[in-house]
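Dear colleague,

Please keep the model open while you read.

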Amino acid sequence: MDDGDVPDIREVSDADPMIAALWGKSKEKAGGRKNLLLSHLLDTAAVAERMWDGVLAPSTRRLIDEVAGGPGAGRRFFAWLCGVHDCGKATPAFQRLWPEGGDAVRAAGLMWHEPIASKFRWRHDKAGGNVVRAVLGEAGWLPEHVAWVWPIVAGHHGAFPSQGQLQPPRMAKGQLQGTGLWADVQRALVEQFTYELGYGGVGGVAPVQIPARAVQLHLSGLVVMADWIASDEEHFPGIDDIGLVSIAGARERAAKAWERLGLRGGWGQLREPGPEAFADRFGHGARSSQRMVLEAARRMTAPGLLVVEAPMGEGKTKTALLAAEVLAARFGADGVFVGMPTQATSDPMFSQVRAWLDRVEDGLASQVALLHGKSRFNKEWKKLLDGAEVDAEHRFGGVDEYGECCDDDLYGPDAAAFGGEPAGRGQRGPAEWFLGPKRGLLCPFVVGTIDQLLFAATRTRHVMLRMAGLAGKVVVLDEVHAADVYMSQFLMEGLRWLGQAGVPVVLLSATLPPGQRRDLVGAYLAGAASREESVTQDLPEPQGYPNVTAAWLPPGQTQPELFLDHCDSWRDDLPVRVERLSEVIPGRHRPRDEHRAAQEAADRSVADVLERDVGEAGCALVIRNTVDRAQSLYRELRARFGADVRLLHGRLTVAERADRTVDCLDLLGPPPKPGEVRRRKRPGRLILVATQLAEQSFDVDADLLVTDLAPIDLLLQRIGRLHRHEGVSRPQALSVPRVVVTGCAAGEDGAPPHFLGASEAIYGRFLLLRSMACIDEAVGDAGGWQIPRQVPELVRRVYESSIDAVPDGWTEAEEEARAQWAREQRERVDSATPHLLTRLGEHEQETLAGLHFTGASIEGGEQLLEAVVRDGERSAEVILVVNDGGMYRTLSGRPLTAGGDVADELLDEVLGSTVRLPTRYSKAAEEELRPLPGWYGHPWLGRSRALVLDNDRRASLGGRLLCYDDELGLAER
C-alpha cells in the first residue's frame, strides 16, 4: 500500500471530539500555539520515514523488515513504532500539567479529580508503556510481541522500567491513569494514529519476529532520535485544529525539517572492494599481513569479530579500514566508528580516516565527526566546522522528561565533547543535529576515544542513543591491549551487545595478552548467541605473528565458526639492544629532601646517557611514568641541551598540548612519500621528554629510547617508536636500536628489585617483577630482543601466570605480589559491575524491561562517565586566568572584563587554557573553585571552574601552591 492510501474503513466515534482536545505540546513549547497529541504522533512517524530513507543502514532496514513481516514491511512498522511513543500523554497525569490545555480536555468531557491527581506524579513514558500494553493486547497481539514493544515506549525518555514500575501510584485512585471514558479515548487515539499510517487496524501492525534485545535497544535509540527531531517547535509548530491534522501534512512538515537538518547516512550499500582497492586507497600495494586480514574478512559468512595482532608499524590501521569496507559491503553497515585509547591518539586517526574516506567516495570526508572532550582544539576539526554560523533560531534541541522541547539539551554538560558550537546553514561538517550531547555516535563516521563504546555499555540514561550510533556501523578499536581489567569489563559488555546486534567489530593490537584475546572473543560470541557464558571454551591460539583470528556465529547455528591465520612480517626483525640504568629508590616514608635528591641524581644519570649517545646529533625519546618526573628531567635536559628539548604531558593546557603534539609529529613523523613535500625537516638533534602520551598510536621515530620500567606489553609499545620508519638517516652511533630502561634498581645478591612507588601504584608490583625478569635476561644477552618476532613470547611470559618467569630469589616476592594483584583485580572487577548495562545472569533476557530497574548507575556528563569507565577518581578540569590588579586576563595577557566576560574572539583562547588537575586536587577544586561571575549562563563557560593565577602564575588550591609555567605546564611548588 502506498503511503497516501488510507483505508476508508473507520467510522467516526464518540471519542473523536476528545482526541481533538488532547494536547501533546503546550503553546509555550510549540511556537505559540498548542500542538495536538495526534499531530505530534504523526510528526514523529513522518520523521521516522525520513530516517528510514535517509540515515538507516541497509542492515538495520533488513532487520526491521524481518521483524515486521518481510521485505517492504519494515518502513511503515518503524514509523508506527516511533510515532506511538507518546501515547502515554493521553492520561490525566500529563494533560493536567498545562492548565490551559487541561481545561480544554475537561471541557471535552474527560475528567479527573484534581485535588487527588495533584498530589502524585506518573511520568508519561511509563504511562505509555501501560497504555500500549492494554491496547495491543486488546488488538490481538501475541503476548511475546507486546512484551518487547512496551519497554521501547516506556523507555523513550532514557530509562527502561520494569513492568511493575509502570503502574501509577495506588493512592492516586485511578485519577492519573483516568477512569470512565479515558480507556476508550486512549484506545481510539492509537487506532486513529494507526489508520493514518495506512494500517487497517492495530492488529495489523503486529510483528512476526521478536528482535534480539540489542536490536530492541537500537530501535529504542532511533525512536528517541525521531522524537527529538519532531519536537522542534520551528519546523513542527503547533496545530490546534484537528481538521488540519493528517499524515500528509506531517510528511510535508517532516520534509521541510529534513531539508533544514541536512542529516544523511554514510556510504549506503557498498560494493565489496577488489584486490586493487588497497593501492587505490593508500597509494601502495597490500603487505602479506594486510592481505591475510582481508582474506579473513571475506571468509566470514555472518557479522563477527576480527582480531588483528601485528607489530608496531605493520600497517594495522590501513588494514582495519579496508577490512571495514569489506565487512560493510558484506553485511550492510553504513559507516564506521574508530575508537582509540586516548584523545591524543584520536586526533591523528581523525586525519587518517578522512583521507581514506575521501578515496572511497567524494564528500564522505566531510561527514567524519571527531568525538572527544577536547576536539575543538583539533585544527582540522575546527576548520571543518568554521564558516558554519550558529543559527540560534534553527537549533534542534532534545526534550525534557515531560516531552517538552528542551533547547538546553544542545548545550548540556556533554556539549564540549563535540568540539564546537553546532554548525548551521552552510555547514561543511556533519549535520548540526548530530553535534548535540549524546548524539555524536549517530554521525555516519566517527573517530573518538574507546570511551564512547564503553559509555554504551553503562547503565546510564539514553544509553540507547549510544547503541543506536554503534549499530549499523563497523566498529574498529585500536590498541585494545590498553584496556585494563576494569575497563575490560565495559569493553566485554559492549562486545556482548555488539555481537547480539550483528555489528562487525575489528580489534587491533600489537601486544595482546592471550587471556585478554580469549575473553574478548568469548564476550562477542556469547552476545551473538544470546548466552550468559561464552560458547568458545577452547579458543585456539594463533601460531605466528602477525596473525588474525576471525570468529562469527552463522545464522541458525549454536556453535561459532573460527578462522585463524598467520604470516611473516613485511620487514626483518629489529635487533633491539636492551640496557638498564639503575637509580636510587628511597623508601616511601623517607624525607622529602631524600626523594628530591634521588630524583635529581636520576635526572643527571639520564642526561649523562643522552649527552654521551646523542651528543651533537640524534633524536631521542624519553618516556617517564609521571608528569612530575617528566618535568624534573626536562629542567635538567634543558640546562644541557637548550632548545633541542621538547616536553609533552597531560598537565599542559589543551591548546598547548595540541600544538606540541602536532609539532612532534611534524618533526619526528614518517618521511614524506614520493611526491610529497614534508613541511619540516627532521632535526639534527632533538630530545622529546613525554609521559605515556607517547606510548601508543603516536607515529614518531626515535633513534634512541630511554624509558621508565612498565609492564612488558607497554614497554614493547614504547619500543615501537624506536627506529620506526624506513628511510630515516641516523647517526652512525645510533644505527643500532637501543632501549635504556630506568625507574628501577636491582636488588643486592639476587634479591628482588626495587621500583618507583608511583610505577607500582600505576601498574602493580606483580607485572613489574615479571617484566623486570625479561629485561634482565635481555641485558645479559648481547643479542637483546628480536622485534617483532619475540613480542608474543614476551607478552605471554609475563601475563600467563602459569609460566615461571622470575629468578628463584624473587619467587617469594612474586607470590606475595601475585596474591595482591589477584585480589586487586577481583576488587576492580567487582567495582565495575554496578555500572554495567547488564548485570550477571541477565544476558539471556529477551526484552528491555527492567534494564534500568535500579535506576541509572551514573548521572552526569562525559567527564564523570570517563572517570567511571576508566576507574579513576574524577579529575577536575579548570580554566586558567590571570588576575592582574582586579582585571582578569588570559594567559597571553589579553584582557577580559572585570567580571571575566569573554568576547567572542577570545572564547577559543580562554577555553584553550583548560588544564586537567592531578586527581588529588579534585575535591579541593569542587569545593573552592567556581566560574568567574561573567561566565554564568554562558553555554561553554557556565559550568567551568576558573583557577585564578596571580601575576607570577601562582595559585593556592587545597592548601598547596600551584604554578603554571609556559614550558613546564602545571607544576607544584
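How do the residues of the lining of the second largest cavity divide into nonpolar, polar and charged? They divide into seven nonpolar, three polar and three charged, where Ala, Val, Leu, Ile, Met, Phe, Trp, Tyr, Cys and Pro count as nonpolar, Asp, Glu, Lys and Arg as charged, and the others, Gly among them, as polar.

Before the rest, please note that this is a predicted model, in which local features need pLDDT of at least 70 and side-chain atom pairs count only at pLDDT 80 or more, while totals for chains, interfaces and linings use all residues. Residues are numbered from 1 along each chain as its sequence is written, and side-chain values use heavy atoms, with hydrogens and water left out.

Cavities and the pocket

Rolling a probe the size of a water molecule over the atoms shows where empty space is left. The search was run on a 1 Å grid over the protein atoms alone, and there a cavity is a set of points where a 1.4 Å probe fits but cannot get out, whereas a pocket is an open set with protein on both sides within 12 Å along at least five of seven lines; lining residues have an atom within 4 Å of a point. Grid points are joined across faces, edges and corners, and a volume is the space filled by probe spheres set on the points.

Over the whole structure, the search finds nine cavities of 30 Å³ or more. The largest cavity has a volume of about 210 Å³, and of the 22 residues that line it, Val55, Leu442, Ala468, Ala471 and Lys473 are the closest to its centre. Helix H11 (213-230) and helix H19 (463-470) each supply at least two residues of this lining, and H11 gives the most, with three residues; helices here are DSSP runs (H or I, at least four residues) and strands likewise (E, at least two), numbered from the N terminus. By class, the lining of the largest cavity has 12 nonpolar, seven polar and three charged residues.

The second largest cavity holds about 110 Å³ of space, and of its 13 lining residues the closest to the centre are Met312, Arg571, Leu574, Gly720 and Ile787.

The second largest pocket holds about 1400 Å³ of space, and among its 32 lining residues Arg592, His595, Arg596, Gln599 and Asp628 lie nearest its centre. The elements that give two or more residues to the lining of this pocket are helix H22 (592-613), helix H23 (627-641), strand S20 (754-755), helix H26 (757-763) and strand S28 (969-972), with the largest share, six residues, coming from H22. The lining of the second largest pocket divides into nine nonpolar, eight polar and 15 charged residues.

Helix packing

The axes of helix H8 (residues 124-138) and helix H9 (residues 143-154) come within 7 Å and cross at roughly 150°, the axes being lines fitted to C-alpha atoms, for helices over the stretch in contact, and the angles running from 0 to 180 degrees between N-to-C directions. H8 is therefore roughly antiparallel to H9 (angles under 35 degrees count as roughly parallel, over 145 as roughly antiparallel, 65 to 115 as roughly perpendicular and the rest as oblique). In their contact (heavy atoms within 4.5 Å), residues of H8 including Val132, Arg133 and Leu136 meet residues of H9 including Val149, Trp150 and Val153, and by class this contact has seven nonpolar, three polar and three charged residues.

H8 also packs with helix H10 (residues 182-196), at an angle of about 70° and with the axes 10 Å apart, which makes H8 roughly perpendicular to H10. Here Val131, Val135 and Glu138 in H8 meet Gln186, Arg187 and Val190 in H10.

Backbone details

Most residues other than glycine have a negative phi, and most peptide bonds are trans. A cis peptide bond joins Tyr545 and Pro546, with omega about 5°, and Pro546 is found in the loop between helix H21 (514-528) and strand S11 (547-552). A cis peptide bond also joins Ile787 and Pro788, with omega about 20°. Glu479, which is not a glycine, has a positive phi of about 55° and lies in the loop between strand S9 (474-477) and helix H20 (485-501).

With best wishes
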